[in-house]
Every structure is written in C-alpha cells, then in structure tokens.
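Please consult the sequence and the model shown here.

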Amino acid sequence: MTLPLDGVRVVEFSHMVMGPSCGLILADLGAEVIKVEPPGGDRTRHLKSSGTGFFAALSRNKKSVTLDTANPADVETLLRLIDTADVVLENFRPGALAEKGLGFDTLRARNPRLICLSLKGFLSGPYERRTALDEVVQMMSGLAYMTGPPGRPLRAGAPVNDMMGGMFGAIAILAALRERERSGEGQVLAASLFENAAFLVSTAMLQQAITGVAPEPMPAGRRAWGVYDVFTASDGVQIFVGVVTDRQWEIFCTALGEPALLVPEFASNNLRSAARERLIPLVQSILGRFTVAEIEALCAPAGLPYARINRPWDLFEDAHLQASGGLLPVTLPDGRTVHIPALPMQFGERRLGVRHDLASPGQHNDEILGPLSPPPEDS
C-alpha cells in the first residue's frame, strides 16, 4: 500500500530530539528519510539516564549512512546525495553546516527544488543566536511557571517543545512541498523551540489579557470546572475525574447515590467552581469509599471523563494501544524487541507502521551512496 509521502527523499542531519522527531514524522508518512551520521554513529545512540530512549524512540523507518563532514571527499558525496533529495533538515548550531560547505545557499544553488529546514532554538530576531534547550524555553515562556506549584517552576515531564517543534517543522515541510507543486521552487524554512513554547502558553496569555488577572499555576489555579481533580480511591489508587457540565453533575450525583449533592449551592458549574474549597474535600470523602475499579465502573457508563494516574511504562500493557495498532515493534541493538507508540493519526482504518527497523550506523551506505558515482573528469 502506498503512503502519503512515497517518493519524497529527505536527508536528515540531526541529533537528540527535535530534528529526529521531524524526520520520524516524515518517515512514518512514507518519505525515504536518510539519516547522515558521523563515523561511529550519532552520539544520541549512546546517551544514558533520561536520554537513553531518545534514539530508539525516534529512529524507526529511517535509513542510515555514515560520512565524515571533515573529509572533503565525503562532503562531495554528501553534495551529490543532496542533489537527489527533496528535503534537507538539520538541528545543529547556526552556521555549522555552512562551515562544512553544506550551507543552504550552496545546496539550493545546486538543487533549486530543494526544501531546507533548520530546527532552531529561536526564529529570526534578537535571540536567534542564543543557545536553547527544551528546559530553557519552558522557563522563558512561562510554561514551567504554569506547570509547577507556586514559586516552584517545573518543566513538563516530557520533551514537549522538542517534539512539538519537530512536528511544526514537518508541517512546514508539507506546506512547502505543496507550494513547490505550484512554483517548481523549494525554499528555506525554520521551526523553533521558543516560539513553540510561546504557542503552548497562548491560552494563559489571553486569559490574563481578557480578565486582567494573572492566572495561577495549574497546581494552585482556580479551575474552570467544579470537579476536575485527582482523587484517591479506597485501595490507594489515584484517579482523575472530571464533571464539566450541569448534566454530568446530575449524572455523577445519581451514580454515586448522593442526591444530597444536588443542592442550590452546587446547582451550576460556575457555582461549583466558586465552592471548590468545600466541594472537592466532600467529593473526595465520597469517592474514597470506593475502589478505583468501582469508580471506573461508575464513570464509564455515565460518560464521565476519568483516568487512572498511570506511569509512562504502564502504556506497554494498555489494552487500547495494543488492540488499535498504537504500539509498534522495534528491535534494540541487544536484540530485544520493544514497543513504542505510533504516530497519533489514522488514515481511514489504517495506522502508520514500521517499514524499516532501527538502522545500525551506516547500514545503508551501499544502497544509498553506491549509486552516487562522482562525475566523470574532463578528458
């Protein structure tokens, strides 16, 4: 079966998370993504601690070639490779590729149809040469302020800006491919961490602008809904329950067998929100009589939002992901097969799967670089 980006060739110069996320999206959508690694492989392969999963999570469906950008002959090979490409993406420091003779101006002079994407800390402006990390922009944008308790800014528990920055880069590439169909020309694109983080906090910005009141951090803030909280069941398991409409409140109270909650003080969502200091301990005292399974059995048929507080590794056993094709197999260097979430999209009934397992460094040198013979010398 064909995939949306069949026939599109992408050359990826990237490491860590942001660039590989962008390449992963394009690869899963069917592009031939060729990851250029230095001799010995991308250093992301060898990260430890919180970086241990980066490479395995973001490298399926890609091909690997190894070339040394300090070697002029390898640079010439890279130039010939890029001549065959539709897209080049990179997330190295500003000017790093240009110093190797691989700047975007050089590449597009040889291949005017080429689309070039830089994944950066900042878009053009006063900060554009400043070094950024996901954590840096979470602090700068106010995302960390909104995530942690008052006075304790806290980064999100996943590299959200790196991954979403890569996603916006992929969106830009898709738009540029569409535009190239009309113009015949490629172009230079950029996506960034800081502007992505600013986009993420746009609702908090507008809340302050509209009300004139600064929103409190999420752990302390006043919720828009009366019941929208984490509760502890009688067996000690935590569960989130949301009751966001007046009809849901009626259903919730009936299901609990607590019609006494249907009092004028709690008659509307705005009244319940205003009375949260009294209401939430009351709801906790009631839900605390039930096991987590009983709370789930109460919420599910009533159509109420609920969720156990899981850990990321609990998703390996998630029944929905397992049944829906939402977990994809990849083989680790030690030979073990593990599963990883697929892209969160569906084409009709089809999920995007694995065409190429995790590549070893330079695994596709012969396939990709072999046909790139140097041009004949003038006689």
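## Second largest pocket

The second largest pocket is lined by 44 residues, and Asn91, Phe92, Leu119, Gly121 and Ala132 lie nearest its centre. (A pocket is an open set of points on a 1 Å grid over the protein atoms alone, where a 1.4 Å probe fits, with protein on both sides within 12 Å along at least five of seven lines; lining residues have an atom within 4 Å of a point.) The model is predicted: local features need pLDDT of at least 70, side-chain atom pairs count only at pLDDT 80 or more, and totals for chains, interfaces and linings use all residues. Residues are numbered from 1 along each chain as its sequence is written, and side-chain values use heavy atoms, without hydrogens and water.

By class, this lining has 22 nonpolar, nine polar and 13 charged residues (Ala, Val, Leu, Ile, Met, Phe, Trp, Tyr, Cys and Pro count as nonpolar, Asp, Glu, Lys and Arg as charged, and the others, Gly among them, as polar).

## Largest pocket

Of the 43 residues that line the largest pocket, Ala57, Leu58, Met163, Ile340 and Pro341 lie nearest its centre. The lining comprises 32 nonpolar, eight polar and three charged residues.

## Packing of H6 and H9

Helices H6 (134-141) and H9 (193-200) pack with their axes 9 Å apart, at an angle of about 45° (helices are DSSP runs of H or I, at least four residues, numbered from the N terminus; axes are lines fitted to C-alpha atoms over the stretch in contact, and angles run from 0 to 180 degrees between N-to-C directions). The contact (heavy atoms within 4.5 Å) involves Asp134, Val137, Met140 and Ser141 of H6 with Leu193, Phe194, Ala197 and Ala198 of H9. These residues divide into six nonpolar, one polar and one charged.

Notes. Helices (H or I, at least four residues) and strands (E, at least two) are DSSP runs, numbered from the N terminus.
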